[in-house]
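Biologist: Before we discuss this entry, could we set the structure out and then go through it one point at a time?

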Amino acid sequence: MDDLRELYQETILGHNKKPRNFRVMEDASHEADGHNPLCGDEFTLYARVDTDGVLEDVTFRGSGCAISKASASLMTEHVKGKRLCEVHADFDRFHELVTSPPGEEPKLDGLGKLAVFAGVREYPMRVKCATLAWHALRAALEEGGKTAKTE
Amino acid sequence: MSFDVERVRSEFPILATEMRGRPLTYLDSAASAQKPHVVIDAMSDFYRAHYANIHRGVYQLSAEATEQYEAVRTRVAHFIGARDSREIIFVRNATEAINLVARTWGEENIGEGDEIVLTVMEHHANIVPWQMLASRRGATIRVAEIDDTGVLDLEHLKSLLGPRTKLLAFTHVSNALGTINPVTELVSHARERGIVTLVDGAQAVPHQPVDVAALGCDFYVFSGHKVFGPTGAGVLHGRLERLEAMPPFLGGGDMIESVSFEGTTFAPVPQKFEAGTPDIASVIGFGAAIDYLDGIGMDEIAAYEHGLLSYATERLQKVPGLRIVGTAKEKAAVISFVLEEVHPHDIGTVLDGEGIALRAGHHCAQPLMKRMGVPATARASFTFYNTSDEIDRLVDALIKTTELFS
């Protein structure tokens, strides 16, 4: 169970039970679906970007496993209020965190609470769960909204 | 119980290994079964001492390889009650067998406006090839319903069989729910109406005696890797007269009688459907698996697994928040379940940490998941090398899972 506690940290379990920003956004400027066909995770990501290129608000709805839901929840908290270029840099940092070799010291700079996902590195089958919301957010912002798939 | 499970376990080398530092508890045999050493040894021995291409060389080694390969065909025929070994076509797996039928019999016999009847509990392998055929030929797919326990609605299915129905294709045993379907009844009902039948036996052959002649279906398919054989060898069983009337599947060497640029004639069944060099060593390993099962006896296996199923059902029902999906009376040793508040994927990961391998997901049966009102399930599948201790380990781990997520 100890290894599992590395993956399912209290922060993740908490966000799974009570996801933040878990609502439909009626006045979203961007929106995209994220779908993981392997396990049936399905989320819709909503974003509102102002004229200065700042992510004013970001929310999500849908269903999925604890990792994907907590990741979406923590992501919304992390990126809200940031400039789009910063959000893209966060995407890259997060992606590097969950895909880096488990033996190495994880690079946690700028990741804040997202550091709890370092445990995912031990479970390569779950990387797609952790990154689903991020893929959906990037699809929403870059391509103006379409379905992001992890497969 | 006279069944000596510890002896059986000692014959499967992988069962003595560990996963994540715990003794491996392998509860995913419905996805693919583990291999006894006799299978591994047969393949290794074949490569070391008997290997050559088959149906070709005039030299002794090739003749022996051919003899061994063809001997497996005869053993498979005997194992599933086929009347004639020519009714056994070696393919890669059940999926390829179904595609073969769709691409050959289907292309010649399914036309515009014809209907293909399936059930909602089919594996994608028994859905997608028919959809592809239907869209090529302008035919329609009709889908028989099930009830909330996962039992086929026989009246609904029979009501779908009409004058335009050309094919009824359905699974013998549901891979996701374990439901055993009444094959004989359905096949005879279809045959009386001149409807061709294909039965997906992938989940039946590993668990119970199967007699295709008694079942009466036109086609019966299964995969060797689920029957404790290697990957790469599967079986299409077809009635001889059906197979003889069908056009070939893949063209190439070994499936011809003579080739010229003016015209080619095809080899008789079964060679007509086995173009190119097949997975010879896998077929040899598959033969060893069948001998192994024959040595234990499919009746003994079925009885032992039934005991496991009853015990696991009883114990799992008592796990707080656990709901079994698929509660048919006639079931193979497969239990799909969901836990309140815990996604099946998280169940799979927590159990992985306990050394328990089970499947979490849609089990290649998305329409069925939708019908049962779940996005996915966790599925424990049991076979004759599993023990009641392993079921206890599963139950303990599930209780821990609910505690972790509470």
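**Chain B and its partner**

Biologist: Among contacts between residues at least 6 apart in sequence, what percentage in chain B join residues at least 24 apart?
Modeller: This is a predicted model, in which chain B comprises 14 helices and 17 strands. Taking the contacts of chain B between residues at least 6 apart in sequence, the share that joins residues at least 24 apart is 71%.

Biologist: How far apart are the mean positions of the positive and negative charges of chain B?
Modeller: Chain B exposes about 15,900 Å², of which carbon and sulfur atoms supply 51%. Its charges number 36 positive and 53 negative, and the distance between their mean positions is 4 Å.

Biologist: Which residues of chain B lose the most area to chain A?
Modeller: The contact involves 18 residues of chain B and 21 residues of chain A. Between them the two chains bury about 1,600 Å², with 59% of it on carbon and sulfur atoms. On the chain B side, 34% of the buried area comes from three residues together, those that lose the most, namely B:H345, B:T349 and B:L404.

How values were computed: Residues numbered from 1 in each chain as written. Chains lettered and ligands numbered in written order. Predicted model: local features only at pLDDT ≥ 70, side-chain atom pairs only at ≥ 80, totals over all residues. Heavy atoms only, no water. Helix = DSSP H or I, 4+ residues; strand = E, 2+ residues; numbered from the N terminus. Contact = heavy atoms within 4.5 Å. Areas by Shrake-Rupley, 256 points an atom, 1.4 Å probe, with all protein chains shown as cover. Lys, Arg positive; Asp, Glu negative; His and termini not counted. Charge placed at Lys NZ, Arg CZ, Asp CG, Glu CD. Buried area = accessible area lost by both parts, 1.4 Å probe.
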